[in-house]
Amino acid sequence: MSWIRVASVDELTDDVPLAVDVPVDGDELPLAIVRHQGALYAIWNECSHGNVELSEGDVADGAIECYLHGSRFSLATGEPLTMPATQPVRVFPARIDGDDVLVDVANPTEDF
Ligand code: FES
């Protein structure tokens, strides 16, 4: 477990992705943080089909949509639900602790 504070709860709006760059080991992980239907998600902020930020897309029905070609990715698993994307994106455990939004960057939910 390696929980890192990535944002304040005040920065979250339901169904509006928040783009954050999380410093890890001298690198930066681009993540989109999403609070949706009472749950919190952290998903890789780049579409697996192209160099596009998923945080620019819409959130609905447990998924985030890439604005460029419309692939929808499950917020829970990162799996693509619609074409043209065929590869998943990484997702990470996320939780709220007081005023802090925390992400476990050591344990992606999907290991690939
Ligand atoms: S770049 Fe995201 S679906 Fe094509």
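**View 1. Asp 97 faces Asp 100 across a strand pair.** Asp 97 stands opposite Asp 100, a residue of E10. The model shown here is predicted. Strands E9 and E10 pair in the antiparallel sense. Their pairing runs over 4 bridges. E10 covers residues 100–104.

**View 2. Three strands form an open sheet.** The sheet has 3 strands in the order E1-E10-E9. Its pairing is antiparallel. Strands of a sheet pair through backbone hydrogen bonds. Strand E1 (3–8) and strand E9 (94–97) stand at the edges. Each has a single partner strand, so one side of each is left without a neighbour in the sheet. Neighbouring strands are turned by 35° against each other on average, direction ignored.

**View 3. Arg 5 and Asp 100 meet in a salt bridge.** The structure holds 2 salt bridges. In one of them, the side chains of Arg 5 and Asp 100 meet at 2.8 Å, N to O. Arg 5 belongs to strand E1 and Asp 100 to strand E10. The two residues are 95 residues apart, and the pair links distant parts of the chain. Arg 5 is partly exposed, at 47% relative accessible area. Asp 100 also counts as partly exposed, at 27%.

**View 4. Asp 14 and Arg 35 meet in a salt bridge.** These side chains come together at 2.5 Å, N to O. Asp 14 lies in the loop between E1 and strand E2 (18–24). Arg 35 lies in strand E3 (residues 27–36). The pair therefore ties together parts that are 21 residues apart in sequence. Asp 14 is partly exposed, with a relative accessible area of 46%. For Arg 35, also partly exposed, the value is 23%.

Terms used: Residues numbered from 1 in each chain as written. Predicted model: local features only at pLDDT ≥ 70, side-chain atom pairs only at ≥ 80, totals over all residues. Heavy atoms only, no water. Pairing = 2+ DSSP bridges. Axes fitted to C-alpha atoms, helices over the stretch in contact; angles between N-to-C directions. Salt bridge = Lys/Arg side-chain N within 4 Å of Asp/Glu carboxyl O. Buried < 20%, exposed > 50% of the residue type's maximum accessible area, 1.4 Å probe, protein only.
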